[in-house]
Amino acid sequence: MKNYKILFVDDDQQILSIVDQFLNRYGFNITTESSGQKAIEMVREDHFCVVFTDLNMPEISGMELLKQVKAASPETEVIIVSGYGTIETAIQAMKLGSYDFLQKPINFDRFKIMIERIIEKQKLKEENQLIRNRLKERYKYDELVGMSPKMQSIYKIIDQISFGSPTVLIQGESGTGKELTANVIHNNSDRTEGPFIPVNCGAIAESLLESELFGHVRGAFTGASKDSIGLFKAADGGTIFLDEIGEVSTAVQVSLLRVLQEKKVRPVGDTRETEVNVRVIAATNKNLEEAIKNKTFREDLYYRLNVISITMPPLREIREDIPLLISHLIKKHRSKGSATVPEVSPEAMALLMGYHWPGNVRQLENVFERAFALGVNDVLQVKDLPHEIAQQSNTWMPADVNCNLKVIEEKTIRHALQRSGGNKAEAAKLLGINTTTVYRKMAKYNIIDT
């Protein structure tokens with residue numbers, strides 16, 4: 001309460017004393033003033049959440065004070081206080097911007113409730129503004145999308161490692177966007193002009209991986225008919241992305257460790273080493289610490305790779321980002337000239353929000369690729385969802401005991417409005433629906449417009 005200042009203006013010192021004692025008793029930050037002119041000067045010099053002013057004062061009238069306060073500080077609420085007020089006076093005050101009209105003698109219960117409501121409204125405005133600022137700051141980092149705290153923390157890490165090229169280890173389940181994140185790191189680094197070379201270590205035969213990574217000289221092995229510079233050298237000046245690093249054999253791990261330590265590569269069959277200027281980003285869906293215990297992954301290599309650690313959250317842990325991801329996917333397909341799904345029904349959205357997503361973001365994208373392929377170009381309904389989502393989602397329930405589909409829908413609408421700071425058009429974009437539907441659902445669930 002102390003952060004929200006209250007100014008009470010009245011030429012009656014007895015009233016000021018009573019108001020001061022009453023509000024101080026409840027911990028309000030109250031200032032009293034008997035001069036209307038001085039009150040105007042105070043408002044110009046300091047911020048008050050609310051100003052109460054007597055209607056009839058010798059120096060300046062309450063109506064004039066109301067005009068002056070609103071001119072100096074439009075966000076400050078002003079309440080006219082009078083024992084002689086009429087309905088016409090109250091209407092006039094409202095037209096000039098008064099929040100309310102308080103009759104004398106003051107009903108202190110109503111007085112206190114009025115102040116509490118104004119302060120709560122101010123708090124909500126501040127929270128909404130904070131959300132708007134955060135939305136303006138970032139809900140999307142290149143192709144990475146998300147407003148959840150976990151995604152925001154990833155954006156911060158990417159910001160912090162834009163320069164200097166430290167080695168990065170990205171961990172997370174399949175389909176969480178590890179390669180996409182690696183690409184974003186590269187594109188937002190001082191190596192963006194250099195190449196980005198992705199390597200799926202698990203897809204290359206063990207006997208060939210070392211040659212693929214470090215190159216070989218002609219005749220090094222059967223089939224080596226000419227020299228090859230290898231992928232590390234191809235990535236010189238840029239970034240090499242080693243996906244599925246947990247699948248690499250211990251023999252190749254030794255070679256990788258040497259490259260990270262010495263910044264040099266030795267092609268297979270060669271005696272010479274070549275310097276390379278490469279940033280290494282590795283990724284895995286395995287628990288490397290567990291692999292170290294099982295002696296399948298070298299501890300020294302793990303620490304060389306894990307200079308900067310990023311953990312991509314599974315989609316089930318960032319459900320609040322699903323509407324935003326859906327909106328992004330629809331726009332992505334629209335840019336390709338595909339048929340578009342302009343809206344997702346609330347029932348379908350509730351099921352999409354509730355599904356456990358074992359395939360993560362990749363699986364979510366597949367759902368919409370399927371919808372476009374099947375020609376869904378109006379509203380995505382429950383019947384348009386894959387069977388496993390519609391069926392398995394029915395078993396998911398939030399913590400509420402009496403939860404049902406309507407509760408999920410209401411929560412989804414409320415969450416989007418909260419995230420958008422009350423902006424209906426922005427909430428509609430997040431949900432992948434139109435603004436009219438947002439208003440209709442607000443009315444349905446009695447969601448008050450703030």
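Let's start with the sheet. Five strands form an open sheet in the order 2-1-3-4-5, and the pairing is parallel. Strands here are DSSP runs of E, at least two residues, and helices are runs of H or I, at least four residues, both numbered from the N terminus. Two strands pair if DSSP finds at least two bridges between them. At the edges sit strand 2 (29-33) and strand 5 (100-103), and each pairs on one side only. Neighbouring strands of the sheet are turned by 20° against each other on average, direction ignored.

A word on the source. This is a predicted model: local features need pLDDT of at least 70, side-chain atom pairs count only at pLDDT 80 or more, and totals for chains, interfaces and linings use all residues. Residues are numbered from 1 along each chain as its sequence is written, and side-chain values use heavy atoms, with hydrogens and water left out.

Back to strand 1, residues 5-9. Strand 1 pairs with strand 2 in the parallel sense, over five bridges. Look at Ile 6: its bridge partner in strand 2 is Ile 30.

Now the helices on the sheet. Helix 1 (residues 13-25) lies across strand 1 and strand 2, and runs at about 175° to strand 2. Helix 3 (residues 62-72) lies across strand 1, strand 3 (50-54) and strand 4 (77-82), at about 175° to strand 4. Axes are lines fitted to C-alpha atoms, for helices over the stretch in contact, and angles run from 0 to 180 degrees between N-to-C directions. Contact means heavy atoms within 4.5 Å.

What does helix 3 pack with? Helix 2 (residues 36-45) packs with helix 3 at an angle of about 10°, axes 9 Å apart. So helix 2 is roughly parallel to helix 3, a label for angles under 35 degrees. Helix 2 brings Gly 36, Ala 39, Ile 40, Val 43 and Arg 44; helix 3 brings Leu 65, Gln 68, Val 69 and Ala 72.

Next pair: helix 8 (residues 206-214) and helix 10 (residues 250-262). Their axes come within 10 Å and cross at roughly 15°. That makes helix 8 roughly parallel to helix 10. From helix 8, the contact uses Leu 209, Glu 210, Leu 213 and Phe 214; from helix 10, Val 252, Ser 255, Leu 256 and Val 259.

Last stop: Gln 152, in helix 6 (residues 149-160). At 23% relative accessibility, Gln 152 is partly exposed, the class between buried (under 20%) and exposed (over 50%), with a 1.4 Å probe and protein chains only. The C-alpha atoms of Gln 152 and Tyr 141 are separated by 9.4 Å.

Key. Parallel < 35°, antiparallel > 145°, perpendicular 65-115°, else oblique.
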